[in-house]
Amino acid sequence: MNMMDVGDLWFSYGKKPILSGASFFVEEGTLCGLFGPNGSGKTTLFKCCLKFLAYARGTVCMDGTDISGLSVSQMARLVSYVPQDHAPPFPFLVKEIVLMGRSPHLRGVFGASSEDKRKVCDVLDSMGLLDIADSPYNQLSGGQRQLVLMARAIAQETPLMFLDEPTAALDFSNQLKVWKLVRSIVDDGVTVLACSHDPNHVSWFCDKVVVMGSNKILDSGPPEDVITDATLGTLYAEPCVRSYSGSVPVIIPRFSPGQIPSFPWGACP
Amino acid sequence: MEREMSAHERLVPRATGTGDLFAVRGKQRYLLILMCMLLCSIMLSLALGAYAVSLKGTVSVLVAHLTPFGDVGSLHPVQDKVIWNLRFPRILVAIVVGVSLSVSGAVFQSVFRNPLVEPYILGVSSGSAFGAACSIVFPTIFFSVQGTAFLFGSVAVGAAYALSRVRGDTPVITLVLSGVIIGSVFSSFVSILKYVASDTALRDIVFWLMGGFYYASWDDVFVSLPIVTLSILFLWSYGWKLNILSMGDEEARCLGVNPEHAKLAVVSVATLLTAYAVSLAGIIAWVGLMMPHAARLLFGPDNRYVLPASALMGAIYLIVCDTIARTVASAEIPVGIIASILGAPYLCYLLRNKGRVIYG
């Protein structure tokens, strides 16, 4: 079953078209990567699907429901969103930030029940964040902040989760840590749509990749079919090449002869 | 399930044995202490003044009026008049104003996601000042100073809100800039009125702008107590949503809070509250900026505690300022002046020592 179905989505800022007829779908329980260079409309597509922006034409269905009729709180019980790294103006503690993820489920005025608090504790525990639960969020490192925001989305307990460039501001080891965490979230049954501009990340970790370029969806499918030399050639003026390290595909830039004289393995493939 | 339980149980001894990760007892204790301090400051302020009354005399006046055990007729008539008809309503109005300004300050800071915002940011103060000046200069047309000040304060904020609304969206920066524009327009209107006013009227305008509780009466108390109590309870019920709003519009939306609805609701109530406070007592600076800060120092940024805490602290602060204003010199000093002078060192202290804690 498709957890998410986007059909013929159009959006423009004033007269400048950003999305012209975007269509794709995401199957339940999979990790779908939304891949494209900067300015290709990934973020706009994301924001349209989350109803942050009102699209001009098209449909977005989540879990079989057209989202155009859903209220903000109904949306929040259907899809969670992990924004890019940011620093809020007030020093909320990590546990408070994660408790905010329970908001769509709160009923009363002061309503965080002991059940909600227990869920927050469990999420923090399973992610190894208990030690920083009492630290102010905006004094953490970028990697820790990203983990806390993901903990908040997990605590929200939605069938769908959106991640906006989850690893853009992180170092190499934190990038791998976050992507592995995303995989484990998917293994727990959550459907994840993550946008990324790194071809390696999407080809290593995603079940399916939707490629965006110049405001259109160029291709979609399993990463080995989609992240090809031809696609990369269309996306980037700088030519790239798909190589293999063992059985793992690696995208590397194509160097012209003499560009890097000491290149250890001589001329590039 | 078993793993989940164990995770929770392991947490219980973590927080110094008093509760779990979300223990709130310490915060509730602080709130109780603040309430006691408020009661003490009310008693002291009742007893102190140009006509000194002993604490015992003060208590007997209060007992006679507030409980069925006393007899009003047996009281010392001057003491009764001073405590019950002059000082007590004045203190209650000071509490109302302090509570209103500090709670709306806390609300504005969360909504505008900026700890340096104060409740006058959207032009309430200039609007109200213009209203009051109008009423002082043209008393036949605008017969009530308070009513006109409230009216123009609300008009100013309404104008700022309308000016900043673009395609169903109210970006914070546009809103704050519109507030600045509207504020400066009304300030220049006030200057025009000052220029054309007679000497007595000019003196009245200047005094009004400095703020004070000289004319506080029981009528003011009876009108303002229900209004302010209801508004504060309404804003307090938005405490958790304010936390979420302070994360930004998009995150609020994905956490299930519609930012446009919530912002409109809390900003309009907080504005009416500010306009009302200004119309009661003139322009009293800093309270709405300092008290939420002080509350955050004690309670952290969670608005479910910041709102009641800053309400209590605002009340205590204005009682102290007003007591100083009417006792320190032979003539009464406008309370706005005292509030600014007392506030400045505290703000310097915040800036120099606690900057990292508050501003993150």
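User: In the hairpin of strand 4 and strand 5 of chain A, which residue takes a positive phi?

Analyst: This is a predicted model, so the answer applies to predicted coordinates. Strand 4 and strand 5 of chain A run antiparallel and are joined by 2 bridges; in one of them A:Cys61 has A:Asp66 as its partner. The hairpin has 2 residues between the strands, and the one with a positive phi, near 50°, is A:Asp63.

User: What is the strand order of the open sheet of 4 strands in chain A?

Analyst: Strand 1 (residues 2–13) pairs with strand 4 (residues 57–62) in the antiparallel sense over 5 bridges, including the one between A:Val6 and A:Val60. Strand 1 also pairs antiparallel with strand 2, over 9 bridges, and there A:Met4 is bridged to A:Val26. Strand 5 (residues 65–66) is joined to strand 4. The order of the open sheet is therefore 2-1-4-5.

User: Which are the edge strands of that sheet?

Analyst: The order of the strands in chain A is 2-1-4-5, with antiparallel pairing. An edge strand here pairs on one side only, and this applies to strand 2 (16–27) and strand 5 of chain A.

User: What angle does the direction of helix 1 of chain A make with that of strand 2?

Analyst: Helix 1 of chain A covers residues 42–49 and packs on the sheet. It touches strand 1, strand 2 and strand 4 of chain A. Its direction and that of strand 2 make an angle of about 65°.

User: Is A:Asp207 buried, partly exposed or exposed?

Analyst: A:Asp207 lies in the loop between helix 7 (199–205) and strand 9 (208–213) of chain A. Leaving out residues up to four places away in sequence, A:Asp207 touches A:Thr30, A:Leu31 and A:Cys32. A residue needs 20 or more C-beta neighbours within 10 Å to be buried and 12 or fewer to be exposed. A:Asp207 has 16 inside 10 Å, so it counts as partly exposed.

User: How far apart in space are B:Ile205 and B:Pro334, C-alpha to C-alpha?

Analyst: In sequence, B:Ile205 and B:Pro334 are 129 residues apart. For chain B as a whole, 71% of the contacts with a separation of 6 or more are between residues 24 or more positions apart. The C-alpha to C-alpha distance from B:Ile205 to B:Pro334 is 13 Å.

User: What is the radius of gyration of chain B, and why does it count as compact?

Analyst: Chain B has 16 helices and 0 strands. For 360 residues the globule rule gives 21 Å, and the value for chain B is close to that, so the chain is as compact as a globular protein of that length. Buried residues make up 46% of chain B. Its radius of gyration is 22 Å.

User: What radius of gyration does chain A have?

Analyst: Chain A contains 9 helices and 12 strands, and 41% of its residues count as buried. A compact globule of 269 residues would have a radius of gyration near 18 Å, and the value for chain A agrees with this. That value is 20 Å.

User: How many residues of chain A are in contact with chain B?

Analyst: On the chain B side, 29 residues take part, divided into 12 nonpolar, 9 polar and 8 charged. The number of chain A residues in contact with chain B is 32.

User: Which element of chain B has the lowest mean pLDDT?

Analyst: Chain B averages a pLDDT of 85, and 92% of its residues score at least 70. Over residues 1–19 of chain B, however, pLDDT stays under 50. Where pLDDT is low, predicted coordinates should not be read in detail. The highest mean, 94, belongs to helix 14 (residues 303–327) of chain B, and the lowest, 44, to helix 1 of chain B.

User: What ipTM does the predictor give the complex?

Analyst: The predictor gives the complex two scores, a pTM and an ipTM. The pTM is 0.86, and the ipTM is 0.86.

Note on methods
Residues numbered from 1 in each chain as written. Chains lettered and ligands numbered in written order. Predicted model: local features only at pLDDT ≥ 70, side-chain atom pairs only at ≥ 80, totals over all residues. Contact = placed C-beta atoms within 7 Å. Axes fitted to C-alpha atoms, helices over the stretch in contact; angles between N-to-C directions. Nonpolar A, V, L, I, M, F, W, Y, C, P; charged D, E, K, R; others polar. Rg over C-alpha atoms; globule rule 2.2 N^0.38 Å. pLDDT = per-residue confidence, 0-100.
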